[in-house]
Amino acid sequence: MMSEFLLEIYGEEIPSSTQDLLELELKRLFEELLKRFDIKFDKIITMSTSRRVVLFIKDLPKITKKKINLIKGPKVNSKESAITGFLKSNSLKDTSQLSKKEINGNLYYLYEKQSGEKKISNLLEENLPILLRSIRWIKSMRWGNHEDRWIRPIKNILCIFDKKVIKFSYAGLESCNHTYGNYYFGEKKFKCSNYVTYRKQLEKYYVIVDRLKREKKIKSKIEEFCKRKNLVLDINASLLKRTSDSVENPNVFFGEFDKKFFKLPEFLIENIVTDKQDFFSFKSQNKMLSNNFCFVSNLNNNKKKQLIKGTQNVLKARFSDASFFLNEDQKIGLRERNSHLNNIIFYQNAGNLYERSVRISLGVQFIYKKINKKINFETDYLSFSNADLATELVNEYPGLQGKVGGYYAYNEKFPKEVYQAFSDQYEYEYSVNYNNFLTFILSITQKFDAILGYFISKKSLKGTGDPFGIRRAALSIIKICLEKKIDFNFNELFSYLKKIYQEQNIQVEMEYETLYEFFKKRIEILFEESGFYTDVIRASFADNAMNPHLTFLKVNKLQKFLKTKDGISFLQAFKRLDSLNEECQTSEIDENLFNQKEEMQFYEFLCLIDKKLNNLGKECLLDDNSIVNKTTLIINNFFDNVIVNDDNMELRKNRKKLINHLHKALKKSYNFSFLLN
């Protein structure tokens, strides 16, 4: 008869992001524990709400299996002291308790150590406090007079195995077989002995522990409202999750705000409703913003009118504040406000935001020139791309940077191309139909400068987190270049911006190699996720060039090429070349030493392909199938007919130089050696 295990840790409010972390960490730790003791189980389920995190394991045995571990001892013919020491360390009397086995031609003693059965309940009792103390927190706290940590103070620990309490202590609490219902409905205490009873009792006391069920309930109520009012809502998955995670029993309430607030820009209204308040906003069938909104609460319909009225008043106050900030901001134009950026630090040791705005303006112009594009407006406008960072509105609503600048630029009659680019420069991805080219270049430049500023200030990026959004910014740059086919080498932009930093008296100690390796890693990750092989990606980087679009084209060509008959033949030939490739102290090839026609053919072809591949970026070896096949033929003819390691050292060295020269020439296009590992 199999058993089940149920753990619930109940306490004060758990943030949405921490709910995910807790579920993942608990599942990981229990999986590791069960694997370590070779305990079979059906499945592990984790769930969480704003007040509790739950772990359930189905079909666990009551007792661990007996296990035999083979311990390798000394050789049979080892010294007596070695054998005696092995016996003693394993509490054995003599060698009659050992078996023998031949390993790699030698006969060894083996000890079959048997571990006895152990009750799962005892194993859990011993390990549960250890597991809970092993959670890898991003943030946690201590309270009371104990050393244990959690995201918020714990009030109760329910822990049941096989219908009985697993006794252990954590955070000053003893585990038990009871828990509590919804905090807002009296926090009713109830006992339970199994998972089914636990779920039923929770729902009886207004707790839906399954996140998907909470989300489904919220979504269903909103869809009913939209159908009734003929409104449209594109459900934001992130907002739906946040609202679901903030309650244990979601009730959905609908309200309206005064239409006079439509004088505020739409993006500002939506930001206040959805980002500041975590409410849902709606649009009419003609895509115009509606004054309807909805919010999710633990409270039930008994206090519906009072709750809606209070929430409408909160929104009214928010909108009034935003209106005040908007009016104050527009007393000063972007041109005058730009000088205020002098007072805002960019990164420590990386200057201020005014200096950054200058770099961004010049950087945009630099890229346009390099890719042979013409700017169709006065370049002076570019200087104001960051001016909104000195506004009251952005200070109050930081997530609206760019949107605010675009709105003010529109009011001040900036060209459409410019104010649209200001609005959208901080986006990380753009739709296929979005076609403002200035937006792409402005977005790339400001993100690239943000990465440079970070490295200038912080020197290195450590850990797996991304608190300053540097990794995300790099991925965005790469994606924009790929999706919009922007063919540009960022090593050139690095050199250009580094020069400007230095002209602004900002010390730049970082080298290009640091940035190259950082971007290279992001490109590898993104391309691997797209289905490209790691060795193919690495083979496609050449000459430390940082050009995502060109690299993608090369990776795509190489992966397809390697699956063809010509590709297989070429790689086999290259393997022969690579196996005898050596760096030569002197590089000059002596034609007078050629004594076979294959050497001359090899040399003539080398001169031809070396010249062809010198123009990397505009031509690629794989663009010309005849050259690829000729390369294969020349390499094979050479190795089939020429003895490279000739007894004559002069001939040998000269032939090695031929090989080395061709190897280097091919490397201008691809580093094929990566494909041989």
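Residues are numbered from 1 along each chain as its sequence is written, and side-chain values use heavy atoms, with hydrogens and water left out. Because the model is predicted, local features need pLDDT of at least 70 and side-chain atom pairs count only at pLDDT 80 or more, while totals for chains, interfaces and linings use all residues.

Helices (H or I, at least four residues) and strands (E, at least two) are DSSP runs numbered from the N terminus, and two strands pair if DSSP finds at least two bridges between them. Strand 1 (residues 3–11) pairs with strand 3 (residues 52–60) over seven bridges in the antiparallel sense; here Phe5 has Ile57 as its bridge partner, and Glu8 has Val54. Strand 3 is also joined to strand 2 by six bridges, again antiparallel, and a hairpin of three residues connects the two. Seven of the nine residues of strand 3 are buried (under 20% relative accessible area; exposed is over 50%, partly exposed in between, with a 1.4 Å probe and protein chains only).

Turning to charge, the model holds 36 salt bridges, each defined as a side-chain nitrogen of Lys or Arg within 4 Å of a carboxyl oxygen of Asp or Glu. Arg211 and Glu23 form one of them, with their closest N and O atoms 3.3 Å apart. This pair links helix 5 to helix 1 (residues 16–36) across 188 residues, and both Arg211 and Glu23 are buried. Another joins Arg356 and Asp449 at 2.8 Å, N to O, linking helix 10 (residues 353–370) with helix 14 (residues 437–458), 93 residues apart. Arg356 counts as buried at 5% relative accessibility, as does Asp449 at 0%. Salt bridges with shared partners also join Asp20, Glu23, Arg211, Arg214, Lys241 and Asp245 into one network.

At the surface, Arg228, Lys229, Lys304 and Lys305 gather in a patch of positive charge (residues with over 30% relative accessible area and no salt bridge, like charges being joined within 9 Å). Helix 5 (211–229) and helix 8 (304–329) each supply at least two of the patch residues. Lys229, in helix 5, is partly exposed, with a relative accessible area of 44%.

Conventions. Patch = residues over 30% accessible without salt bridge, like charges linked within 9 Å, V, L, I, M, F, W, Y side chains within 5 Å. Areas by Shrake-Rupley, 256 points an atom, 1.4 Å probe, with all protein chains shown as cover. Lys, Arg positive; Asp, Glu negative; His and termini not counted. Charge placed at Lys NZ, Arg CZ, Asp CG, Glu CD.
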